[in-house]
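The sequence and structure are shown first.

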Number of protein chains: 2
Amino acid sequence: MALAFFRKYKTIWLYGASLAVLLFLLKWLELRFIIYDHAFEAYIGAIALLFTSLGIWLAMRLTKPKVETVVIEKEIYRDAATNFIFNEKAFAGSGMSKRELEVLQLMTEGHSNQQIADQLYVSLNTIKTHNSRIFEKLDVKSRTQAIEKAKRLGLIP
Amino acid sequence: MALAFFRKYKTIWLYGASLAVLLFLLKWLELRFIIYDHAFEAYIGAIALLFTSLGIWLAMRLTKPKVETVVIEKEIYRDAATNFIFNEKAFAGSGMSKRELEVLQLMTEGHSNQQIADQLYVSLNTIKTHNSRIFEKLDVKSRTQAIEKAKRLGLIP
DNA sequence: GGTAAAATCACCCGAAAGTATGAGGGCGAA
DNA sequence: TTCGCCCTCATACTTTCGGGTGATTTTACC
């Protein structure tokens with residue numbers, strides 16, 4: 001308990017102890033030397049200097065170090081392709097259904113209609129129908145154009 | 001000159017001046033009040049406290065703030081299309097010719113072989129031949145895959 | 001001047017893509 | 001419940017794409 005209390009206010013105690021020691025030293029000096037008229041000012045001056053030093057030392061120890069934070073903003077360029085953000089508005093605006101978007105995404109990955117059909121467990125004809133609707137809604141004529149437009153709109157990475 | 005010198009060591013001068021004023025004050029107090037045996041210690045103590053405070057104040061003013069540099073990484077998303085950097089290495093590595101690259105670029109823009117042929121003033125068959133070489137060099141099977149791969153390689157935006 | 005690579009074009013054929021049209025089941029809003 | 005939209009699938013047809021092969025011309029380089 002007492003130990004913990006001492007630890008917490010360690011610096012304070014040290015300061016108190018230092019002060020006591022110094023005063024004792026001064027008292028001793030006072031008895032040792034006769035203080036003449038002109039020596040008195042020097043004596044006061046010495047004390048002043050001494051305690052100024054003590055004050056500085058104390059301040060150094062007690063005050064939290066001033067921290068000046070310098071914020072440097074480092075710009076990191078990142079490819080938009082790797083951090084793809086789906087454009088919800090464009091999707092809603094296009095009037096495409098979820099299924100159609102799904103087909104479109106597979107299309108952009110380089111899959112053929114047959115592959116897409118197999119992957120979605122539907123017939124090839126179904127995919128073709130989806131494609132027609134996709135092209136219609138994206139206002140394009142071919143899958144290549146659809147991919148190009150979908151990328152521009154932010155529907156696919 | 002003198003002014004600049006004063007400015008540079010402003011705090012030092014202030015400290016000196018303060019010290020002088022304080023000493024003068026003490027001298028005045030010394031004349032004003034008779035210092036008795038027991039009052040002397042109190043007097044010294046007052047001086048000690050005073051100059052300790054002065055020291056602390058000085059330290060507060062003099063200590064240089066510790067500069068802490070915080071680097072904040074700010075991510076800037078850039079449009080891959082607008083900030084396209086052509087990957088020369090990939091181009092050289094693929095072994096593609098300039099003409100083939102030209103065809104590839106038009107291909108990615110959604111043009112059909114016929115459109116590309118018209119645009120380059122060559123026959124449809126020529127474009128087909130180019131396509132064959134392109135697919136071969138990119139190690140793909142279809143134009144869609146070629147586009148996908150070309151984008152990955154950085155040959156096209 | 002010969003050679004290699006690139007670019008050009010042609011013909012055939014099969015595969016894939018795309019168009020047009022119709023149709024049936026499911027599901028939510030009017 | 002009817003209407004509209006989505007998803008599904010089918011048939012028939014046209015167009016485009018892609019592979020294979022072969023050929024000629026142009027260009028670049030040793």
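## Surface near DNA strand D

In this predicted model, the residues of the surface near DNA strand D comprise two nonpolar, ten polar and five charged. Ala, Val, Leu, Ile, Met, Phe, Trp, Tyr, Cys and Pro count as nonpolar, Asp, Glu, Lys and Arg as charged, and the others, Gly among them, as polar.

Sugar or phosphate accounts for 69% of the atoms of DNA strand D within 4 Å of the protein, and bases for the rest.

## Phosphate contacts

An N or O atom in the side chain of A:Arg99 is 2.5 Å from a phosphate oxygen of DNA strand D.

## Helix α6 of chain B

Helix α6 of chain B (residues 113–120) has the buried residues B:Asn113, B:Ile116, B:Ala117 and B:Leu120 (buried: under 20% relative accessible area, 1.4 Å probe, protein chains only). Seen down the axis of α6(B), these buried residues fall within an arc of 100°, so they line one face of the helix; the arc is that of the directions from the helix axis to the C-beta atoms. B:Tyr121, with a positive phi near 60°, follows α6(B).

## Conventions

Residues are numbered from 1 along each chain as its sequence is written, with chains lettered from A and ligands numbered from 1 in the order in which they are written. Local features need pLDDT of at least 70, side-chain atom pairs count only at pLDDT 80 or more, and totals for chains, interfaces and linings use all residues, while side-chain values use heavy atoms, leaving out hydrogens and water.

How values were computed
Buried means under 20% relative accessible area, exposed over 50%, partly exposed in between (1.4 Å probe, protein chains only). Helices (H or I, at least four residues) and strands (E, at least two) are DSSP runs, numbered from the N terminus. A residue is near a molecule or strand if one of its heavy atoms lies within 4 Å of it. A polar contact is a pair of N or O atoms within 3.5 Å; within protein, one must be able to donate a hydrogen and the other to accept it, and residues adjacent in sequence count only if both atoms are side-chain atoms.
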